[in-house]
Amino acid sequence: MGQTRATTTGIAARSRLAGCVGLLSAVLTSAVSGCSGTGAAADGAARRQAAEAVRQVPEVLAESGSSQATTDMRMASGGTWITIHGEGGFDYAERRGLLRIALPEGEPVTEVFVAGELYMKNRGAGVPSDKWVRVDVTTLPDGNVVTGGATDPITAVELLRGVSYAADLGFTEVDGETLRHYRGVTDIAAAAEAAPGAAGEQLAAAVDGFTDTEVPFDAYLDDQGLPRKIRHQFSFARGGESVDVASTVLLYDFGAPVRVELPDPGQVYTGTIE
């Protein structure tokens, strides 16, 4: 079985992001003072600065080398909310990673992410327990943005390349750490055009899979510009109805060794999947 090991001796990413100022209430200020030009200009500059800070996140994450990750995906099913939880590690230099996905029912599913491909073990009915299923993510209606039960960290940050609006909400505490909070909207189609290589192809495949390509997000960055928490709110059609999915990625232990084992060709199931 092939093995890939990504090791780094420290976090390579250094902050290239200018300190973003808090947004001004330009409209309200101009209504009171009559200085609409100055207020609107300041507000627009702050929003452009916030959007640029968020668009740089994929590059900053790539420079970190690797990290550990947890994912949570919440969606409505039969009138109740269910949560799918994942844990694993990602090598951003090789653009591959692994998550172990805990489902509400049944055994956990192991997922290996490679550029343009997804391997799943314990896929379910019709697949032997010792076999993997290989999926070309560009053939999935959503490009595997949510199909696999997780929005993997690479996809989560690549989506931020399509930011159309962002606001800097200042500092907030997340799990005991003080992080910069950005909130805004990104567009899947714009992200597909901006993302390189297989990431762009994956997002291009996802454009038609969602009810709305505009995706609200919250991004929490540390003082180096590294993403620590990213949350997206997706909507897609299923059975003629719109389904809302809240997907959250948490990243930590940047630069820690990450080991990803790819299945050998003989371990990949080629039969019919039920």
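The entries below cover the cavity, then the aromatic pairs, then charges over rings.

**Entry 1: the cavity**

I noted at the start that I am working with a predicted model. Rolling a probe the size of a water molecule over the atoms shows where empty space is left, and I began there.

I got 16 lining residues, with Val114, Asp152, Ile154, Thr155 and Gln202 lying nearest the centre of the cavity. Three elements supply at least two lining residues each: β5 (109-114), α4 (153-158) and α6 (197-206). Which of the elements gives the most to the lining? My note says α6, with four residues. Sorting the lining by class, I have eight nonpolar residues, four polar ones and four charged ones.

**Entry 2: the aromatic pairs**

I then turned to the rings and found two aromatic pairs in the structure. Phe90 and Phe113 make up one of them; their centres are 5.6 Å apart, and with 40° between the planes the pair is tilted. I looked up where the two partners sit. Phe90 belongs to strand β3 (residues 80-91) and Phe113 to strand β5, so this pair links distant parts of the chain, 23 residues apart.

Phe210 and Phe234 form another tilted pair, at 5.4 Å centre to centre and 35° between the planes. Phe210 lies in the loop between α6 and β10 (214-221), while Phe234 is in strand β11 (residues 227-238), so the pair ties together parts that are 24 residues apart in sequence. I checked burial here as well, and both Phe210 and Phe234 are buried.

**Entry 3: charges over rings**

Where does the charged end of Arg180 sit? I found it over the ring of Phe171, 4.4 Å from the ring's centre. I also wrote down Lys229, which lies over the face of Tyr220 at 5.3 Å from the ring centre.

Notes: Residues are numbered from 1 along each chain as its sequence is written. This is a predicted model: local features need pLDDT of at least 70, side-chain atom pairs count only at pLDDT 80 or more; totals for chains, interfaces and linings use all residues. Side-chain values use heavy atoms; hydrogens and water are left out. On a 1 Å grid over the protein atoms alone, a cavity is a set of points where a 1.4 Å probe fits but cannot get out, and a pocket is an open set with protein on both sides within 12 Å along at least five of seven lines; lining residues have an atom within 4 Å of a point. Ala, Val, Leu, Ile, Met, Phe, Trp, Tyr, Cys and Pro count as nonpolar, Asp, Glu, Lys and Arg as charged, and the others, Gly among them, as polar. Rings of Phe, Tyr and Trp (its six-membered ring) pair if their centres lie within 6.5 Å; planes under 30 degrees apart count as stacked, over 60 as edge-to-face and the rest as tilted. Buried means under 20% relative accessible area, exposed over 50%, partly exposed in between (1.4 Å probe, protein chains only). A charge sits over a ring if NZ of Lys or CZ of Arg is within 6 Å of the ring centre and within 35 degrees of the ring normal.
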